Amino acid sequence: MNLLASVAAGLVLTGLAAPLAATERLPELPRLGIAADDVSLVGISSGGYMATQLAVAWPERFAGLAVLAAGPWSCAQGALSLALGQCMTTRLGAPELDELANRHRGYLEGGLVGDPQALARLRVFIWHGTEDDTVSPALGRALAEQMQGWLESPEEQLRLIESEDVGHGWPVAAREEAPVDVLAGCRAGGGTHLLACGLDIAGEALGWLHGALDPPAETAPRDHLTRFTQAPFLDGKGFDEAGYLFVPEGCEAGGCGLTVALHGCAMGAGQIDDAFVRHSGLNEWAATNRRVILYPQADTSLANPQGCWDWWGFAESTWQLNPLHDTREGTQTRALMGMIDRLAQSPEA
């Protein structure tokens with residue numbers, strides 16, 4: 001999930017081969033009548049940057065935002081040099097939050113992001129490992145500082161956790177259902193980037209965003225995770241053929257909450273199969289708390305060989321002088337909102 005390798009590869013054109021997709025006819029994303037006031041975003045690394053872009057673009061649509069191992073909103077400002085030097089490492093210095101605030105004001109004037117009053121009501125969870133050598137922990141602190149300036153009551157709405165001796169990835173609690181080869185070292189990271197740290201970050205994040213939750217059952221649910229076609233939303237333009245959806249028993253009839261979980265670079269199905277969507281810990285909490293989990297999947301390309309979400313403008317920069325990837329006009333942001341809109345439709349529609 002090395003963002004640096006992904007961005008730089010847009011120049012060196014190395015590419016990575018993804019496994020061949022299954023040939024079966026995939027079902028469409030269902031209409032589930034999700035509760036419109038109970039939608040949250042959770043993202044890691046490039047997915048964390050994308051989750052924040054969605055929350056700022058449409059804050060009225062979300063109750064909470066959880067960001068793991070990523071930095072402030074619009075950090076790269078559409079520039080490769082900033083993506084590399086200020087939004088992963090900080091060798092070019094820390095992100096200029098005043099510049100980002102000016103960018104946000106410009107977007108507001110153009111109607112490209114949402115109402116600041118809606119943004120001010122979000123609950124926000126930020127996590128970073130102190131040994132992260134892919135995205136500097138200082139960037140998580142910068143995101144927290146940025147959010148403090150936007151939220152009504154940061155002391156009540158914002159939680160920042162920095163875990164000692166943890167590297168770049170998604171910490172998980174050990175479960176018997178997770179094969180040993182699925183888990184990576186807590187400090188070293190790598191592999192699937194599911195870090196065997198004994199830390200249930202899924203439960204920590206969902207608990208902060210949605211309040212007291214019923215604990216997961218001892219046996220993890222296995223038969224509520226399905227694949228669906230992403231073609232109606234962004235066919236062949238940065239999305240993989242299939243996404244994943246976890247629907248707890250009883251949620252087919254409507255009224256359940258929704259969490260959109262955005263993987264990081266090299267964490268999509270094209271690189272690690274279904275490891276993230278099965279073993280992140282989100283499904284276990286969702287099953288006992290009536291939450292649907294949507295797992296969109298980014299695709300690989302020559303410009304994006306590790307299957308990252310578009311957090312710095314690569315999907316837009318070939319045809320826009322000033323990429324709008326971090327606005328309501330972003331190619332991927334619009335497509336992801338299209339998925340949420342479909343899930344919000346009545347099951348009878």
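Me: Let's start with Arg187: is it buried, partly exposed or exposed?
Reply: Arg187 is partly exposed, at 48% relative accessible area. Here buried means under 20% relative accessible area, exposed means over 50%, and partly exposed is in between (1.4 Å probe, protein chains only). Keep in mind that this is a predicted model, where local features need pLDDT of at least 70, side-chain atom pairs count only at pLDDT 80 or more, and totals for chains, interfaces and linings use all residues. Residues are numbered from 1 along each chain as its sequence is written, and side-chain values use heavy atoms, with hydrogens and water left out.

Me: OK, which residue does Arg187 form a salt bridge with?
Reply: With Glu131, the closest N and O atoms being 3.2 Å apart. A salt bridge is a side-chain nitrogen of Lys or Arg within 4 Å of a carboxyl oxygen of Asp or Glu. Glu131 is partly exposed too, at 30%.

Me: And which residues are in that network of salt bridges?
Reply: Glu131, Asp165 and Arg187 are linked in it.

Me: How many salt bridges are there in the whole structure?
Reply: The search finds ten. One of them joins Asp38 and Arg291, with 3.0 Å between the closest N and O atoms. Asp38 is in the loop between helix 1 (3-12) and strand 1 (39-44) while Arg291 is in strand 11 (residues 291-295), so the pair ties together parts 253 residues apart in sequence. Those helices and strands are DSSP runs (H or I, at least four residues, for helices; E, at least two, for strands), numbered from the N terminus.

Me: Is Arg291 buried or exposed?
Reply: Arg291 counts as buried, at 3% relative accessibility. Asp38 is partly exposed at 22%.

Me: Switching to rings: how many aromatic pairs are there?
Reply: The count is seven. Rings of Phe, Tyr and Trp (its six-membered ring) pair if their centres lie within 6.5 Å; planes under 30 degrees apart are stacked, over 60 edge-to-face, and the rest tilted. For Trp170 and Phe276, the centres are 5.1 Å apart and the planes at 80°, so that pair is edge-to-face.

Me: Where do Trp170 and Phe276 sit in the chain?
Reply: Trp170 is in strand 5 (residues 170-172) and Phe276 in helix 11 (residues 275-279), 106 residues apart. Both are buried.

Me: Which residues do ring pairs link into a cluster?
Reply: Trp73, Tyr107 and Trp150.
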